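Please read these notes with the model open beside them.

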Amino acid sequence: MSNKLDSKTPAGPLAEKWTQYRSTVPLVNPANKRNLEVIVVGTGLAGASAAATLAELGYKVKAFCFQDSPRRAHSIAAQGGINAAKNYQNDGDSVYRLFYDTIKGGDYRAREGNVYRLAEVSVNIIDQCVAQGVPFAREYGGTLSNRSFGGTQVQRTFYAAGQTGQQLLLGAYSALERQVGLGNVKMYARHEMLDVVTIDGKARGIIARNLVSGKLERHFGHAVLLCTGGYGNVFYLSTNAMGSNVTAAWKAHRKGAYFGNPCFTQIHPTCIPVSGHYQSKLTLMSESLRNDGRIWVPKQIDDKRHPNDIPEEERDYYLERRYPAFGNLVPRDIASRAAKERCDAGYGVGPSKMAVYLDFAYNLKNKYGRAEASKLGIDNPDDATLLRLGREVVKEKYGNLFDMYKQITNEDPYEVPMRIYPAVHYTMGGLWVDYELMTTVPGLYALGEANFSDHGANRLGASALMQGLADGYFVAPYTVGSYLSKEIHTKPINTDHEAFVQAEQAVQARLDQFLQVKGTKSVESYHRELGLIMWDKCGMARSEAGLKNAIQEIRALRDDFYKNVRVPGGQFEFNPELDKAGRVADFLELGELMCLDALDRNESCGGHFREEYQTEDGEALRDDEAYRYVAAWEYKGGSDWSLHKEALEYENIKIAQRSYK
Amino acid sequence: MKVLQFLFTSSIGRKVLMALTGLFLILFLVIHLMGNLQLLKHDEGYAFNKYAWFMTSNPLIKTVSYLLYATILLHAFKGLYLVFANRKARGAKSYGSYNGNANSHWTSRNMGILGTLILAFIIGHMSDFWWEYKFGDIPWTKYETSITDESTMVTDITSENHGVHIRMGVAGDKEVFITKDLYKETVEAFEEGWLVALYLLAMAAIAFHLWHGFSSAFQTLGMNHPRWNPLINGLGKAFSILVPLGFAIIPLYVYLLK
Amino acid sequence: MGSEAMKINLKVWRQPNSKAEGKFETYQLNEVSPDMSFLEMFDVLNEQLITDGGEPVAFDHDCREGICGMCSMFINGRPHGPKQGITTCQLHMRSFKDGDTIVVEPWRAQSFPVIKDLSVDRSAFDRIIASGGFVSVNTGNAVDANSILIPKDTADEAFAAATCIGCGACVAACKNSSAMLFVSAKVSQLSLLPQGKAERENRVIAMVDQMDKEGFGSCTNTGACSAECPKEIDLSNIARMNREYVRAKLVSK
C-alpha cells in the first residue's frame, strides 16, 4: 500500500476521534488569517458553506462557479430531505445509529472515522440552518417535523416540502453572499476551473476561464477546495443538471489527486422513463413516493392492456414478493436492480417497455381514503368516496410531484399508475481524501459529492445534503486551518510564476485543440454516445466482457472526438459549446477509468453489481476478504492508471451481509 | 422633515407618495361629487351656487384646496416621472412581442396614459369653470328667499351695475344671496354636445384609472390580507364605476334635457 | 404516447454580445415531438445548426426540472411561455400546435444586460442578496433548532416566500422591470421568521436601496410578476415589504 494513502484518522475511541482532533488541531491566529487566501471551486452546499465559513473565520476567499449565480448549483434540486441524529421523535435514534445505518447502507465500503464524524455533526447542521432562517417543515406546536426515508427504521429526515435542497442551498448561499457583501469573499460566477496549479507538490491556485469573455485567468490560493459535485453526467442521461461535470475533479486527478472508487454510482429507482431520443435529462420522482406507492409489473409478458384493466391477481408486486420485510422501501440499489431485472425479463410496461408501475390507487383508497372516511364518520363509504377523500390527502403530501409528473408525461397519476424507471442520480466515488478531506495533493481538498468518502458503495436517501453541509460548515474549516497553520510564512505567490504560466499554456492548447478540429459532429452527439456505452455496460449491471468492450468503445469514441467534433465559435466569446466540449472530453477519459475500476472490483456491492457475482436469487454478492478496500487510482498519463488500495478497518461494526428480506 | 425624505428618494417611498396622494384625491372625488349632484336640483342653481360659494370662501376649505392643488400636481408629475423612469428600466430594447393581457389588466399597465388624460381634463375643467368662476366675466344671479314662505325669487344681474360687496345676507324678510352664477355657466356649457362627449371620455378615464388605482393604493400601503382583500377590491371596483358614473350623469342629464 | 410530430417555426432573438445590435432570426423545425420540453426543442435546433455549420443559439439552462432558476426565455410575449406556475424547462411542446410560430426573446431589463442571444446577466440579484438577504449568524453560533418554536402557519408562509428561484421572470414580465417580487420574497421570508427579526429594519432598507441602485423600475402593482412567477410567489409579499420598509424608515434610528 502506498503511504500516500494514509487516511490520517485520529487514534482513540470512535466517539472521541473528532472531539480529540478539534481540540488539538493547530490554529491560525486572526492576524495571519487575513493574509491567507483560499480558493473554493463550486458553490453548492459544500462549496457555499465552506466559502462562507472560511470567510467568517477571517481567511481571504475566492469562490468560483460556472453557473450565472452561486445559487444555481445542483444541490438545489434535492427534494426529499436531510438526515440528522437529533432524536426529536424519541424513536431511538442516536449518532451511533445514524453512523451504523450509513455504513450498512453503503454496503461496508466507507471509512468508519469519517462516517461517525458525519453523524456527529449532523445535529449541528440542523441548528445552523434553522438559525439562518431555513424554513423547515414544522408541527403545529412549532417544533420541527421529521419523516422517514429508505433504509432506516427511525424518523430522522428534516425537510422543507419537496424542496429541501433548495432551501438549504439558499441558506448557504445567503451566508456566502453576506461574506461577499462584507468583502471577505470575492465571487467569480460564470467562471470554470480548468486546471489546478501545483508548486513544489502543493496546490497553489487554479486556472479559470471567464465564460463570458472567454479569457483565461490565473488565481493564487494557499489552499484550493474542490466542491464541484458528482460526475453522473458521464451517463449523458441522469438526474444531474445539464452543466454538472467532472472537469475540476478530473483536472485535479491529472495533477496527482487519486480518484477513489470511480465505479460507485447510484442509480435512483424512481425516475420518469425516457420518452424519446431527444431527451436531455431525466427527472427524479422523490424517494418519499415509495412510502405510499406500490411497485408492480404485469404477471404476463408483454401485457398490452391498460394498467387499470389488469386485475389485481395478474399483477406482480415484485418488491413486496422478494423483500417482504422492507417491501417497497428497500434501499435504492436493490429497488433499481429489481426493476431492471423485471424489464430485462420482458415484463416492462409503457411504450419503451423499460418502465414499471408505481401505483397509488391502493393507498389512495385503503390507507388515506379509509382514514379520512372514519375521521368524517362516514360508514361504509363507496369506492368513489374513498378515492375522492384519499386524493385530497395525497395531493397535500405529494401534489407538486404529481403535477410535475403530469407536466412531463401528460398522464394523471391520480388516475393512472406512474411509470418509473431507474436513472443515474449520484456518484459515491470521487477524489480520494483523507480524514481531513485533503486529496493526495497537499493543499488540495475535495468536499461534498466531489470526494469519495462517506457513502461507501451506496448512499442512503437524505444523506447527500448532510454530507455536503457537514464538510463545508463543520469539517473543512478546521482541517483546512490545520494545513494553513503551516503556511503562514508563505507569501502570496505571484501568478507570473512559471507553474501558472505553464498551466495556462496547457489549458490554452487544449482549448485551441477543440476549436481546430472543425469536424462535423456536435459535442452533444459524442456525449450521448458515451452515455449509451456507459449505461449499457457500466450501469446497473456490469460484466467483465461488457466492461472490456466498453473500454475499447470509449477509446475509439475519444479518438473520433478529436477528429470529427465541431465546436462552433471562438474562444473569446460566450460559447457554451466550447465549455461543453471540455467537459465531454473529460468524461471521455473518466468513463474509461470507471470501467477499469468496475472491472477490477470482482464483487458486487451497493450500486456496483457485477453479473458474475450474485447469489442464487440474484442478490449482490460481496467479497469482503478480497475487496474491502477503497480503490484509489493514480493517473499515469494516457490510458494508464495505477491502483492503490486503502484497506477499510471495521473496529466498531460487525460486517454482515445486508438483508432487507 | 428628514424622516419623510424617503418619500421622494426611494422606489417604495415614491409609490407610497403616489398612494397617499391618490387616496386623498379619491376622497376629494367624493366631496366633489356630492357638490355636483346639486346641479340636478330644480332650484335654478340655488343650492349648487351656494355650495360653490361656500367652497371658495370658507378659509378652512380654501386651505384644503391649496393642499388639493399641490396633491394633484404631485400625483401627476411624480406619476409621469415614474412612467419615464420605469420605461428607462426596460433598457434600450423593448420586447418584440409582449402579451401583457395574459398576466395583468390593461388599466394597470396604462395608468400613465389614463392619468395624462385626466390631467389634461383637469386643466381644461379648471380653466372652464374654476378660472372663469374666480377671475372670469360670468353672469351674476340674485336669489331672494322669503323667510316666511321659503319661496325664492331669482333675478339675473351683472356685477358691474351693482357693485355688490355683501353677497349673502338678510334684508328685511328676505335672505339675499348674490353670486356669480356657476350653475348657469355649467348648464350652458353642457348644452354643447362635443363638451359633453369630452366629459364622458374623461369620466371613463377616471373610472379606468380608479379600477386599478383604488386597490393598488392599499396594496402599496401594505394592506394585503386575505380576509380584507375582497372588501377592498369590491369597494374599489364599485367606487371606480359609481363615482365617475355619478359625475357623468350630470352633463348627460343637462344635455338631454336642454 | 406516440403523438404526431409537429412543424414549428421559431423566431429567435440573436445577438452576438452585449454591445452588438440584435435581431430576430427565423428557423423551421419539422420533427418536433409534443413530448419534448421547450429546451429539448432548442437542443434539436442547435444540433441542426451545428451540423449545418451555423452558430447555435446560446441560452441559459441547467437543472431542467424547474428549480435552479437558470432558464429564462420570453416566449410569445410571456416569461416561461404560456402556462402558469412552470419554468421554461418544464414547458412541453404539447402546449403548442402544429404550424405555430413561436417568438423567443431574452429577458429585457436595463439591469439584466444581454450576454448573448437569450442569455442575460442577472448578477444584480446576487448583489441585492449580498446587501442584506441573510441572517447574520456565523457558523457555530446556533442554538438547538427546537429552541426556536415557529408556528406552522408562519413557517409555511415563510417557506412559500422562500421558494423563489431567482429566475427573474418577475422583472421580465413587469412592464416597469421592477424587481419588487424577488426582493420582497426574501424580505418576507426573513421578517416572518423570528431568526430574521433582529435585522429586519436594516435588511429591508439595504435591500431596497440596492434594488434601486441596480436600476430596476418601481412597482405599479400590475400583478404581472406574480401571475408569471413559476413558483407563484404572492403579491402579499410586496405589500409586506412596503410595510416593512415604511416602518423601518419611520422608526429606525
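1. Two residues are in contact when they have heavy atoms within 4.5 Å. By that rule, 73 residues of chain C and 78 residues of chain A take part in the contact between these two chains. Of the two pairs of chains that touch, chains A and C have the most contacts. Chain A and chain B do not touch, and their nearest C-alpha atoms are 20 Å apart.

2. A word on the source. This is a predicted model, in which local features need pLDDT of at least 70 and side-chain atom pairs count only at pLDDT 80 or more, while totals for chains, interfaces and linings use all residues. Residues are numbered from 1 along each chain as its sequence is written, chains are lettered from A and ligands numbered from 1 in the order in which they are written, and side-chain values use heavy atoms, with hydrogens and water left out.

3. Next, the interface of chain C and chain A. The size of an interface is often given as the accessible area lost when the parts come together. Here the buried area (the accessible area, with a 1.4 Å probe, that two parts lose on being put together, summed over both) is about 6100 Å², and carbon and sulfur atoms give 53% of it. Six salt bridges are found across this interface; a salt bridge is a side-chain nitrogen of Lys or Arg within 4 Å of a carboxyl oxygen of Asp or Glu. One of the salt bridges joins the side chains of K116(C) and E573(A), at 3.0 Å from N to O.

4. What does chain C share with chain B? The contact takes 49 residues from chain C and 34 residues from chain B. Together the two chains bury about 3300 Å², with 53% of it on carbon and sulfur atoms. On the chain C side, R108(C), K175(C) and N221(C) lose the most area to chain B, together 18% of what that side buries. The count of salt bridges between these chains is one. In a salt bridge between E21(C) and K93(B), the closest N and O atoms are 3.1 Å apart.

5. Chain C itself has nine helices and seven strands. Helices (H or I, at least four residues) and strands (E, at least two) are DSSP runs, numbered from the N terminus. The C-alpha trace of chain C spans about 65 × 40 × 35 Å along its principal axes. Of its 253 residues, 66% count as buried; buried means under 20% relative accessible area, exposed over 50%, and partly exposed in between (1.4 Å probe, protein chains only). Among contacts in chain C between residues at least 6 apart in sequence, 69% join residues at least 24 apart.

6. On a 1 Å grid over the protein atoms alone, a cavity is a set of points where a 1.4 Å probe fits but cannot get out, and its lining residues have an atom within 4 Å of a point. Grid points are joined across faces, edges and corners, and a volume is the space filled by probe spheres set on the points. The whole structure has 13 cavities of 30 Å³ or more. The largest cavity holds about 890 Å³. It is lined by 49 residues, and those closest to its centre are H74(A), S75(A), G229(A), G230(A) and E449(A).

7. The second largest cavity has a volume of about 660 Å³. Its lining has 42 residues, and the closest to its centre are P576(A), K580(A), R583(A), F59(C) and H61(C). Helix 16 of chain A gives the most to this lining, with seven residues.

8. Is R190(A) buried or exposed? R190(A) counts as buried because its relative accessibility is 7%. R190(A) lies in the loop between strand 6 (185–188) and strand 7 of chain A, and its phi is near 50°, a positive value in a residue other than glycine. E44(B) also has a positive phi, about 55°, although it is not a glycine. E44(B) is exposed, with a relative accessible area of 51%, and is found in the loop between helix 2 (11–36) and helix 3 (46–57) of chain B.

9. Last, L29(B), which lies in helix 2 of chain B. L29(B) is buried, with a relative accessible area of 14%. Leaving aside neighbours within four places in sequence, L29(B) is in contact with I206(B), L210(B), F239(B), V243(B) and F247(B).

Terms used. 1 Å grid on protein atoms, 1.4 Å probe; cavity = no way out; pocket = protein on both sides within 12 Å on 5 of 7 lines; lining within 4 Å.
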